[in-house]
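Dear colleague,

Please find below the structure that I am handing over to you. A summary of the findings follows it.

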Amino acid sequence: MLMRTDPFRELDRLTQQVFGNAAAGTWSRPTSMPMDAYRRGDEFVVAFDLPGVAAEAIELDVERNVLTVKAERRPTVTADDVEMQVAERPLGVFSRQLFLGDTLDADHIQAHYDAGVLTLRIPIAERAKPRKITITGTDNTPKEINA
């Protein structure tokens, strides 16, 4: 099971949407990134929206079942002879933390980045998957139940 870590971060994100993003995220105070999470078969899939972020500017860390995603969107054009006309995409640092429940296998997370979307696939731990248990009775006829 996935659990979000900071309920106030969501409030902060909504406040920034309503009142505008006055300041870009910094390493000490990153901005939240939108995500979708769902279960598909024997894995959880988490998709983070990171358009305009280079793959080398994304960091993934897992420590004690806490998954941390950090990314930095840098200016795309930095030449001296360029005068920016419109710059609506926020720059700066974006971060999100998720608690990974004990039923998830944090050692086998797969990550793929394409078209501005970072997709993580987190498998369900073997010990958390349903399994059959054989029961023997006095008549020694094996029976199975779902566990």
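Two strands are said to pair if DSSP finds at least two bridges between them. In this predicted model, strand β4 and strand β9 (residues 117-123) meet that condition with seven bridges, and their pairing is antiparallel. Within this pairing, V45 lies opposite R121 of β9.

Strand β4 is also joined to strand β3 (residues 35-40), by six bridges and again in the antiparallel sense. Here M35 has F48 in β4 as its bridge partner. Two residues separate the strands of the β3 and β4 hairpin, in which G41 adopts a positive phi near 60°. Because five of the seven residues of β4 (residues 43-49) are buried, this strand is largely enclosed by the rest of the structure.

As to the overall fold, the protein contains one helix and eleven strands. Their order along the sequence is β-α-β-β-β-β-β-β-β-β-β-β. The protein has 147 residues, of which 27% count as buried. Among contacts with a separation of 6 or more, 55% are between residues 24 or more positions apart. The accessible surface amounts to about 10,300 Å², with 51% of it belonging to carbon and sulfur atoms.

I would finally draw your attention to the second largest pocket, which holds about 180 Å³ of space. Its lining consists of six nonpolar, one polar and four charged residues. The residues that line this pocket include R73, R74, P75, M84, E88, R89 and L91.

Yours sincerely

Key:
Residues are numbered from 1 along each chain as its sequence is written. This is a predicted model: local features need pLDDT of at least 70, side-chain atom pairs count only at pLDDT 80 or more; totals for chains, interfaces and linings use all residues. Side-chain values use heavy atoms; hydrogens and water are left out. On a 1 Å grid over the protein atoms alone, a cavity is a set of points where a 1.4 Å probe fits but cannot get out, and a pocket is an open set with protein on both sides within 12 Å along at least five of seven lines; lining residues have an atom within 4 Å of a point. Grid points are joined across faces, edges and corners, and a volume is the space filled by probe spheres set on the points. Ala, Val, Leu, Ile, Met, Phe, Trp, Tyr, Cys and Pro count as nonpolar, Asp, Glu, Lys and Arg as charged, and the others, Gly among them, as polar. Helices (H or I, at least four residues) and strands (E, at least two) are DSSP runs, numbered from the N terminus. Buried means under 20% relative accessible area, exposed over 50%, partly exposed in between (1.4 Å probe, protein chains only). Contact means heavy atoms within 4.5 Å. Accessible areas come from the Shrake-Rupley method with a 1.4 Å probe; for residues, only the protein chains shown count as cover.
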